[in-house]
Amino acid sequence: MPMVETRIPEGYTKVFTRPEALSDAQYTYCPGCHHGVITRLVAEALDELGIRGRTVGIAPVGCAVFLYRFFNCDFVQAAHGRACAVATGLKRANPDLVVFSYQGDGDLGAIGTAETVHAANRGENITVIFINNQIYGMTGGEMAPTTLPGQRTVTSPGGRDTRLMGYPLKVSEMLAQLDGPCYITRQSVHDARHVGLTRKAIVQAFRNQLEGKGFSLVEVLAACPTNFKMSPEQGNTWVVEKAMKAFPLGDLKGA
Amino acid sequence: MNMEQGIVFAGFGGQGVLLAGKVLARAGMEHGLEVSWLPSYGPEMRGGTANCTVVLSDALIGAPNVDAPQALVAMNQPSLDRFEPQLVPGGVAILNASLIAREARRSDITVVPIPMNDIARELDAPRAINMVALGALLRALDTVPLEVAGDAIALEMEERGRAKLGEVNRLALQRGYEAASSVLQAGA
Amino acid sequence: MSRVLMRGNEAIAEAAIRAGCQCYFCYPITPQGELVEYMARELPARGGAFLQAESETAAINMVYGASAAGVRTMTSSSSPGISLKLEGISYMAGARLPGVIVNIMRGGPGLGNIAPAQGDYFQATKGGGHGDYRLIVLAPSSVQEAAELVMLAFDLSDRYRTPAMLLADGMLGQMMEPVELPDPIDPATIPGRPWALTGAVDRAPNVVLSFDLDPQGLKEMNKGLQRTYQEITERELRWEEVDTEDADLLIVAYGSMGRIAKSVVRSAREEGIKAGLVRPITLWPFPYARIRELSERVSTVLTAELSAGQMWEDVRLAVGDRAATPFFGELGGVVPTPRDVLSEVKRYANG
């Protein structure tokens, strides 16, 4: 995909540009998906801290499986749910690397629960970006561990029945109970102000790693308009009116 | 035909049969022989029964498990019950007479009853019964010299941070060796 | 030349450290506990990283990560734990990541028991995990050989960028023998890893992947793997022969069973039976051609295993109808004595 060339007219200053940590590749995310914003925020954080050249990212299984294409840094793709274990291996082998994983709710909160909890509990010195959109996006809209009560998905067609399917898993609240993690926060990107707050949180999560403070996780609430069968705007409304009710924003541990 | 001897050490867990076997293997190695040490291993960390098989050979060892051992060191009666029938005709059984009430049933083997617990107690080292047993075995086998085994147990203790126990273990070997000498000479 | 008396499990651990293993990840399981303990004690003291993971699955994925970072790395387990590692092993094969996996086999299936067995031959040599991949599988039959082969496993794994497995069993893991430990390698001799994830400075980013959603792309990736496997098959076959020159009855056995079979050949010869032994050291690649060649000259090729007959299938592929191909096996962790196997040999020698 060729890049669109832009000329800056005389008298104008460029105030918004592609972060150095992002490649030229075009996103493969759906319109209205929040992954695009969050991916960019991670890249901005790498730029701000000047760590692109020592960073290794870990792409998950799911919609962000192509993450390695979007970034301009070393990357490894992990088996479904195993990103925190892979991160542990990378970091123990070379503690000078800055290691981050980027995982969805199915990856991190269902199949990878054990790897996540134990990496957090060891205080593994890594940064985890956790995208909670309450659904499996890439496989076609199945119920996630974070799917809300009553929420319809292709595998909870009558709505999530908590008697049979349990409750939304509060991963960040769980992890915040542990002694290992230094920073657990939940953010959102549904409006500009919250995008700014999320950016700040992601920078903090990387800074913690640079300072050797241990495990940091930034959960970001997100919408999946395609599988929610909504417009992008309705997706934003969903985050505010539904997701944030079940998953309140804020720092759960550290800051 | 080359020399190959299979020895079974058996007893209760805690009687030190695995260590006795290891010291024999180590001494055999230092004496220039090929050796193997194969433990029985089970879910019990303590208690229960334990045994190990040591093979001494002047050629590379194939199977570390043996059909018919040349020697048995039985530290208790269940061990005698289990392994006595397996001994090769003409083999030797070193029995812990302190704990084994019955006589050996086989008449085609050499039996060496040694009051191991009593000898160890006389040395004020009740846990050294395994070295009393090994000393008796060394006398009966006549394959590995007593001094080499003494050095092996001393090194073993040193590596375990118990260097000061080296001497009493060496003494226990000596007493076991002497006790077996008396039995074998009386029988000869 | 100094020989030390060591347990198989400990000799494997020490040899791995001498091979330059810098990261070791594990989950406890019998009968390979001494390997874990040795690594916990020794590796950090010698500048490496030891970590007890939350599961076998996590441990193999830590190996995946450490290998991607460019260091020599290893995990070890026993049968049920290896089943859990297969996902990660398939990913390593796909991503072309070197690494060593030690399987100290025990009785199965299921929880089985902790006694020596060889029931994981299929799993090790025929894939085990998903997809068209192979593992280099090395099968030692003594403590000395275990130490040497674990070092070789690191070398081959690096040379061909594919994971390698040391396949032994509880008998070899638990037994002690004199071992002359190989000298530590010079780290400078480890092949460079320009593909490793070390930070994209003054170069394009490196990416470690085990997937390609484009079928043509994945086909090319698979063809690359197959070329590597072909090369390994042509260059890395290893086996030992005992008294095969004039043998009329050939035993094929590996690992613990292989060494028991050595005693059997000796006893058979003493009784006038012309027995010989082929002991495959690489189980994959398997020495088909040599066994085929020998089968032209013998009446019987007896396969002996601590299983229901897994390697037997490969032996029969090699022999075809050139000789009779009976099987002797023990199950459930029962280890036969040489006499048990000898009576089997006599049956075929006299029949």
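The following paragraphs describe the interfaces between the chains of a predicted model, and then several local features within them.

Because the model is predicted, local features were required to have pLDDT of at least 70 and side-chain atom pairs were counted only at pLDDT 80 or more, whereas totals for chains, interfaces and linings use all residues. Residues are numbered from 1 along each chain as its sequence is written, chains are lettered from A and ligands numbered from 1 in the order in which they are written, and side-chain values use heavy atoms, with hydrogens and water left out.

With contact defined as heavy atoms within 4.5 Å, two pairs of chains are in contact, and of these chains A and C share the most contacts. Chain A and chain B, by comparison, are joined by no contact, their closest C-alpha atoms lying 27 Å apart.

The contact between chains A and C takes 30 residues from chain A and 34 residues from chain C. The buried area, which is the accessible area (1.4 Å probe) that two parts lose on being put together, summed over both, is about 2400 Å² for chain A and chain C, with 65% of it on carbon and sulfur atoms. A:Asp74, A:Gln77 and A:Arg92 supply 21% of the area that chain A buries against chain C, more than any other three residues. Three salt bridges (a side-chain nitrogen of Lys or Arg within 4 Å of a carboxyl oxygen of Asp or Glu) are found across the interface of chain A and chain C. A salt bridge joins the side chains of A:Arg122 and C:Glu54, with an N to O distance of 3.0 Å. Polar contacts are pairs of N or O atoms within 3.5 Å; within protein, one atom must be able to donate a hydrogen and the other to accept it, and residues adjacent in sequence count only if both atoms are side-chain atoms. Twelve residue pairs, both at pLDDT 80 or more, are in polar contact between chain A and chain C. On the side of chain A that touches chain C, β2 (74-77), α3 and α5 of chain A each supply at least two residues, and the largest share, seven residues, comes from α3(A). These elements are DSSP runs numbered from the N terminus, helices being H or I of at least four residues and strands E of at least two.

The contact between chains C and B takes 27 residues from chain C and 24 residues from chain B, and the area buried between them is about 2000 Å², of which carbon and sulfur atoms give 58%. C:Arg3, C:Leu5 and C:Met176 account for 28% of the area that chain C buries against chain B, more than any other three residues. Three salt bridges are counted between chain C and chain B; in a salt bridge at 3.4 Å, N to O, the side chains of C:Arg266 and B:Glu4 meet. The largest share of the side of chain C that touches chain B, six residues, comes from α9(C).

Helix α5 of chain A (residues 113-121) contains the buried residues A:Glu115, A:Thr116, A:Ala119 and A:Ala120, where buried means under 20% relative accessible area, exposed over 50% and partly exposed in between (1.4 Å probe, protein chains only). Seen down the axis of α5(A), the buried residues fall within an arc of 125°, so they line one face of the helix; the arc is that of the directions from the helix axis to the C-beta atoms. These residues pack against α3 (83-93), α4 (105-111) and α7 (171-176) of chain A, together with α3 (56-68) of chain C. After α5(A) comes A:Gly123, whose phi is positive, near 65°.

In chain B, strand β1 (residues 4-12) holds B:Phe9, which counts as buried because its relative accessibility is 1%. Strand β2 of chain B (residues 34-39) is mostly covered, five of its six residues being buried, and β2(B) pairs with strand β3 (residues 49-57) of chain B in the antiparallel sense over six bridges, pairing being assigned if DSSP finds at least two bridges between two strands. The bridge partner of B:Glu34 in β3(B) is B:Ser57.

In chain C, helix α3 includes C:Ser67, a residue that is buried with a relative accessible area of 0%. A polar atom of the side chain of C:Ser67 lies 2.6 Å from the backbone oxygen of C:Pro98. Apart from neighbours within four places in sequence, C:Ser67 is in contact with C:Thr73, C:Leu97, C:Pro98, C:Arg193 and C:Trp195.
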